[in-house]
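I opened my notebook to look at the ligand and what surrounds it. My entries follow in the order I looked things up.

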Amino acid sequence: MGKGFIGRSVPRLEDRPLLEGRGRFAADISFPDQLHMRVVRSSHAHGKIMSIDADAARAMPGVHAIWTAQNVTEIPPIDFRLTPVKGLEPYRQRVLATERVRYVGEPVAVIFAESAYLAEDAAEQVVVEVEELPVVLRATQKPAEFAPSLTTEPVVIRKGYGDVDAAFKTAHGVVELELSIGRHSGVPMETRGAIARYDAARDMLEMYGAAKVPHWNRDQIARLLGRAPASVNLFEGHVGGGFGIRGELYPEDVLVCAAALRFKRPVKWIEDRREHLLAANHSRQQTHRIRAAIDRAGRILAIDDDFFHDQGAYVRTHGATVPDLAAAMLPGPYRVPAYRAAGHIRLTNKTPGGTYRAPGRFESTFVRERLLDAIAAKVKIDTVEVRRRNLIASAEMPYTLGLDTLGTKIVYDSGDYARLLDKALAGISWEKTQAQLKKRRAAGERVGLGLAMFVEKSGLGPSDLVRIAVEPSGEIEVVTGSASVGQGMETVLAQICADTLGVDYARVRIIHGQTDRIEQGGGAYASRVTVMTGEATRRAAAALREMALNVAAGLMQTTPAALDIANGEITRKDRTGASMQIGDVALAMSKNSERLIAEGFYEYSHMVYPYGLHIAQLRVDAETGGVAIERYLVAYDIGRAVNPMLIEGQIVGGVAQGLGGALYEEFLYDDNGEPLCVNFADYLMPTANEIPRVEIILTEDAPSPLNPLGLKGAGEAGANAVGAAIAAAIDDALQMPGAVTQLPVSPQRLKAIMQKKV
Amino acid sequence: MKPAPFIHHVPKTIEEALAILAEVAPQDGRVLAGGQSLVPIMAFRMARPAHLVDINEVKGLDKLAVEGGKLVIGARVRHAAFHKNVVDGPLGKLLTYVVRHIAHYPIRMRGTFCGSLAHADPASEWCLVAATLGGEIIAKSKRGERVIAAANFFEGIMSTSLAEDELLAEARLPLLPADAKFGFYEFNRRAGDFAMAAALVTYRVAGGKIADARVGVGGAEDRPRRIPEAEAALNGKAAGDEAFRAAAEAAAKAVDPLEDVQTSGEYRRDLVRAVVRRALEHSA
Ligand SMILES: Cc1cc2nc3c(=O)[nH]c(=O)nc-3n(C[C@H](O)[C@H](O)[C@H](O)COP(=O)(O)OP(=O)(O)OC[C@H]3O[C@@H](n4cnc5c(N)ncnc54)[C@H](O)[C@@H]3O)c2cc1C
C-alpha cells in the first residue's frame, strides 16, 4: 500500500467546478431545437376523469403537441426497483393518469412547446373535468376501495421471531404507545430535470439529468419504450442533492424520452419548486401502535408492533422498501428475545411515497427509542440505565437478528454499543450536564437532555464493477456505474485507488453515472458506494498493481516482489537501480497493443451495520412552544473512516434534515386532500439559523469483518435518530416522560402538550 | 414558476409613472417596487398583472430625510437602508432594531419600506411600525395627492385604502421624543419568516409612571393595530413586570385572532400574550 490517503481528510476532488460556478446541473443542459415539456397536474385528490379539453391549448402558437393518457397507452406502468412484494403490481403508477386521478399533482397531460413560458401558458388552458370521489387521507382509517376488487391495503409486511404471545403472558409489565411520524421528504436544492434526445443516425436514445441509479433507469426506460437497453444511454451531470428521492424513475423521465423518440427533437423538462413539493416522492408518514413486554428490571422480553404506512396514491419504484426496513430495523441495538411487526401498507390520496435518507429508520428509531424511554419511566430507572440493560454485548457479535430485509439476512457484523455509549456520555459530560440542567429547571427554565441509539445499515449489494486504466501519460481513470449525489464519492474512491495502487489521489479521475462507459452499476443509495464501489475499486486497483509490477519486473529485470509503487513511481524496494513511472509501464504495454487496465468486481449479499447515538440538549419556550437547541452530539462508529471530513459533513447534513423532520417540515393536507405546503413559505426547511453546531465523535472500534478495509457507510447516521433524541430531550425539559408522541413537534403541538399538564 | 405575460413599463419621472399608472391600472396594471412579494406570487401565477409600472428608476422617490418632525421615506427606499441609523434618537434605533426581523439579507437589499405598506401583509413589521407610531401615507395619482393616516390605511389581509391608480409615493413616521422607550418582539418558527405574532411598544416614563403608551400588535389579526386596552393597562402604572403582564393579558383578550392549520385562535392568543410582554420587557 501507498502511504496513507485512506483515513485523511483530504480536500474533495469535486469542489473546483462547483465553487467556481461551473457545475453542470440538469437545467444547464440544452440542445439545439429542443422542445420544452410542461406537465398539467391534477388539482383533485381523487376522481374520475370525465374529459380533458386541450383544444384551446393546442391552438396556441408555439405549442407543438399535447398528450394525455390516450397518447401513451402502450407505455406500461413504472416497475419496482427494490423490494417488489407480491400484490403491489396493480398499484403502480402509469406515466399519465388513466381514468382516475388519485392525488393533487398527478400528471394528467403534458404540453410540448417551443419555450418553457409558452408551455406553462398552454398548460393553464387545458381543462380537466373530474367527477370527485371520496378521499382517503389517513393510513389508520379503514381500508377503502382502490379500484374494483382492490382495497387501499394491498399488503401487510410481517416479520418476527420467537413466541411473542407467551412473553406477554408472563411479563412483569407491559408498555404500550401510539406514535406518529409526519409526512416529509428530501428536498434537494436542485429540483428534478430530464433532457432527452434521439440520435437517429445511431438509433440512440439519450437522457441527461440522470441521478442515483442510471443503469437501472436505463434498463427500465428501454423496457417501457420497447427498445434494446444498448440503444439507450443515461448521463449523470452534477446532482444538487439526492436524499433518496432524486434519481428514481418518475413519470416525467419516461415522458421526455418517449417524446424525444416520437418527435425526433430534444425535449427538456425542468421541474419547478411547487411541482417538486407536489410530485416528487414524499416519505416517512407512519403511525405505530407498539407494545413491549418487560421484566422487573426493565429488560425487554418481547416487542409487538402494528404500524400503518401512508404510501400515498401509488406504489413507486421503491415497492415496499420503507415499511420493510421499518419493520426489520426496529429492534436496533437491543436484545429483543421475541419480536413481531405487522406493517400495513395503505394507499391514500396524497403524493406517492418513497425512500428518504434513513428510510424506515428515522421512523423506527423514533418509535423504539420512545419505547425505551417509556420502559425507563415504568420501572423508574434512568434512560441511560434502561439502554445498558438491553444493549447487545460486543461478545455477541456477529449477531443474527432473525429477520431479513431487502432480500438480505440481518446479521450485525460487528459492534460495541456500550463502548460508544460511554464515549458519547463522556463527550457531553452527561452527569455534569444533567446536574446543570436540573439547576436551571429549578430556576424556572425548561431545559432537557435526551439520547437515542440506533443501528444503521449500509453497503447494499448485490454487486459493483469498477474498471481502472492507467494511460501512458500517467493519468489514472476509474470507471464505475455508481453515482454521485454530491456526497464526495469521487474523492473517496480516488483515496482507495491511490492507496492500493501507490499513486497520488489527485491524479485519479473518477467517471461515474455514464451508462455508455461501463455495462453495469449499482448506483448511489443505501449508503452503499464507499462499501460496494469502494471494495470493487480496491480489487481493481490491486489487480492493476499486480499487472503493473509484473510488467515492470520484466522491464527492470527483477521480480515483482522486489518492487514497490509509491507516488506513481516504480522502484526497487532496496532503492537501488533505476525507477520508472507507472505511465511508462502503460506506454511499454501500448507498444504490444496492450493496456494497463484491470477490473474489480465485488458481489456481496450481506449488508454491514454501523451504529451510533444522538444526544440533544434543548430549551423549550413555555409561552410560545418554541424549541431552541443548545447542544447536539452525534457519536458514530464507521468501522473505517476513509475521509473523516466527508463523514462529518454527511452527519451534519443529516442532522439538519433530521431536525427538519423533528421540528419543522410537514406536508399537511386539508380535508379534501388539497396539499397545504407547496412552497417554501409553508413547507419549512430548517435554515442555517436553526441548525446548531453539531459535535461529532467518530470512532473506528468495530471495522466490518466483511470487507478487507473494514468499511461501513456514513450517509444516514446524521438523520437517523434526530426525531428520537429531540423527543427525549423535550420530555426531559418538561419533566413529562412520554410527552412527545408525534413528529414534527410544532410550537402549537408543544404548547398543547404543556397545557395538558396543568 | 414562469409568470404569465406582462408589459414592463420603466418610467423615469413621477409624472410619467402616474400617467402610465392611470392608463394601465384599469387593465390590471400594478406598481413594481422591490419585487420581493409581487414577483414570487407572479411566479406562482397567483397574480397576473398585465402591466407592471416599475418605479425603480423614478427620480425623487429615494428620499429619506426628516421634514417637519417626521421621517420621510420615499417609495424606493429599501429595507436595508435601515440597517444603519437613519435618524438620531429613539426612532432611528427602533428602525434598526426592527429591520433585522424582516426576511433575509438579500430580500432586504431589494424590498422597499413603502412596498411593504402597499402589500399590507398582516405580519409585516413595517406595517406594524406605521400603525403603532401613527404614520402617514402619501398617495399620489394623476387626480392629485392625499394623505392617509396609517390607522385608516390597512383594510384587511393584503388590502389597503390605496386606489388602483395611486402610487404610494412616500410614508412618514413621526419622530419619537428623546426620552421615549421602545420594545419589539416577534415569534416565528424560523429566523426571517413572517411573524406568527409581533408586538411593538413605545412609551415614556414621567414621574415614575408610564405615559403615552402605544401597544401595537401585528400578525395576529387581519391588519396590525394599536390595542387601546393594553395601553390603558400601562398608562399611569409603574414600568415593571406587573403592568407588563396586565397589558399582555389585555392584549391577548382584545385580539380577534386569525386562524390557520398551524395556528389555532387559542394558540395565537397565547402568542400575543407572549410577544406583548416580551416587547415590554425589551423596552425596559
Ligand atoms: C422569503 C421572504 C421572506 C419575507 N419575510 C418578510 C418578513 O418577515 N416581513 C416582511 O415584512 N416582509 C417579508 N417579506 C416581504 C418583503 O419584505 C417585501 O419586500 C415587501 O413585502 C414588499 O416590498 P417590495 O418593495 O418588494 O414590493 P413589491 O413586491 O414590488 O410589491 C408588493 C405589492 O405592493 C405594491 N406596491 C409596491 N410598492 C408600491 C408603491 N410604491 N405604490 C403602490 N403600490 C406598491 C405592488 O404593486 C405589489 O402589489 C418576505 C419576502 C420573502 C420573499
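I sorted the shell around the ligand by class. I got 14 nonpolar, 13 polar and four charged residues. I keep in mind that this is a predicted model.

Which of the 31 residues around the ligand come nearest? I noted Arg30(B), Val31(B), Gly35(B), Thr112(B) and Glu125(B).

I then checked polar side-chain atoms. In Arg30(B), a side-chain N or O atom is 2.7 Å from an oxygen atom of the ligand. Thr112(B) also faces a ligand oxygen atom, with a polar side-chain atom 2.6 Å from it.

How much of the ligand's accessible area does the protein cover? On its own, the ligand has 950 Å² of accessible area, and the protein covers 89% of that.

Next, I looked up which elements give two or more residues to the shell. Helix 5 of chain B gives the largest share, four residues.

Last entry: the domains of chain B. The assignment lists domain 1 (7–54), domain 2 (64–174) and domain 3 (181–283). How far apart are the C-alpha centres of domain 1 and domain 3 of chain B? I wrote down 35 Å for these two centres.

Key. Residues numbered from 1 in each chain as written. Chains lettered and ligands numbered in written order. Predicted model: local features only at pLDDT ≥ 70, side-chain atom pairs only at ≥ 80, totals over all residues. Heavy atoms only, no water. Near = heavy atom within 4 Å. Polar contact = N/O pair within 3.5 Å; in protein donor to acceptor, adjacent residues only side chain to side chain. Areas by Shrake-Rupley, 256 points an atom, 1.4 Å probe, with all protein chains shown as cover. Nonpolar A, V, L, I, M, F, W, Y, C, P; charged D, E, K, R; others polar. Domains from an automatic or database assignment.
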